[in-house]
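Me: Could you take a close look at one part of this structure with me? I'd like to go through a single pair of packed elements and then see where the pair sits in the whole chain.

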Amino acid sequence: QSGCGCRGDAGLAHVGCRAEAAAHREPSGDIDGWDQCVICGQRFTGQMQMVLAETRWSNVQRLDDANEARLRAGVSLAKALTGQGRYAESETICRELLAVAERGARADSDLVNVVTRALCDALFAQNKTVEAEAAVAGEVSKLRPLRGPQKTATLNRLMHLEKMAAQEFLSFDDSLAITRGVRDLQQIELGANHATPMSSTLRIAVRLNDNSRYQEAETDLRELLNVQQRVLGAEHPTTLLTDHTLCEALLGQHKFGEAERRCREVLAGRLRVLGADHPDTVLTREMLSAIPRAH
């Protein structure tokens, strides 16, 4: 059977052979063979995915319910069932796995998050949007800023949830709360002056602007700009980008006077740093020309 992106004979293999190869690699920590082709790297689909998942699940039945290998095999089976349109069966398995994972998961484990994601896929496919949102929100509510290795694990889990939010499992406000949580933990782990939390704050402000939440965006951008001007300098390209985004927030609130003044400053800085033909310079020039002058 095939079930991946390989073409010709390369894509043909007996499912039992693939299962045997995946089982052989698993003791060394390589579990990808159960879910994706080692040749083309594409995840298995269709009957190949289903049979491999069923074989993997059968292989772990003698393990303890809370064993990580058993839980991950269960997730693979749930995903395969979802892929086959058997959403209710997938949901049932995910809820059973989640109950076990929540009892035994360590704070530095991503198992609960992995199972939650699979559950959300099954719920979303059944148009159970409210339940999908509740599943994610319940997971978010358990995450707190931690220290040491747990802190990094919590950050990783929040970032994974942020990806889920981007796939419309959550409302804008809930997904924004996750993004802010990611940013806050980045500040704890890396420091407020680090480029990564600065980038997250800018991303938050852009999303606020896109949703006409200009006043909130303005507040975040002014705080970010103070940090960037101190750490990076007023004419650093990233600082100029933040200032340009602040101009957008001001325009959205019809604060044309300050928007024009700041826009002229950003344009002057981009002309010096980036040059007249740089796309960012062109964008600022176009913004300036569009600002109403009757103010």
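Reply: Happy to! Please keep in mind that this is a predicted model. The chain has 13 helices and 0 strands, so let's pick two of the helices, helix 11 and helix 12, and look at how they meet.

Helix 11 covers residues 237-252 and helix 12 covers residues 256-273. Their axes lie 9 Å apart, and the packing angle is about 155°. Because angles over 145 degrees count as roughly antiparallel, helix 11 and helix 12 are described as roughly antiparallel to each other. The crossing of these two helices is left-handed.

Now for the residues themselves. On the side of helix 11, the contact is made by Pro237, Leu240, Leu241, Asp243, His244, Leu246, Cys247, Leu250 and Leu251. Facing them from helix 12 are Phe256, Glu258, Ala259, Arg262, Cys263, Val266, Gly269, Arg270 and Val273. Sorted by class, this contact between helix 11 and helix 12 holds 12 nonpolar, 2 polar and 4 charged residues.

Stepping back to the whole chain, its pattern along the sequence is α-α-α-α-α-α-α-α-α-α-α-α-α. Among contacts with a separation of 6 or more, 56% are between residues 24 or more positions apart. As for the surface, the chain exposes about 15,000 Å², and carbon and sulfur atoms supply 51% of that area.

Definitions and conventions: Residues numbered from 1 in each chain as written. Predicted model: local features only at pLDDT ≥ 70, side-chain atom pairs only at ≥ 80, totals over all residues. Heavy atoms only, no water. Axes fitted to C-alpha atoms, helices over the stretch in contact; angles between N-to-C directions. Helix = DSSP H or I, 4+ residues; strand = E, 2+ residues; numbered from the N terminus. Parallel < 35°, antiparallel > 145°, perpendicular 65-115°, else oblique. Left-handed = near helix turned anticlockwise from the far one by under 90°. Contact = heavy atoms within 4.5 Å. Nonpolar A, V, L, I, M, F, W, Y, C, P; charged D, E, K, R; others polar. Areas by Shrake-Rupley, 256 points an atom, 1.4 Å probe, with all protein chains shown as cover.
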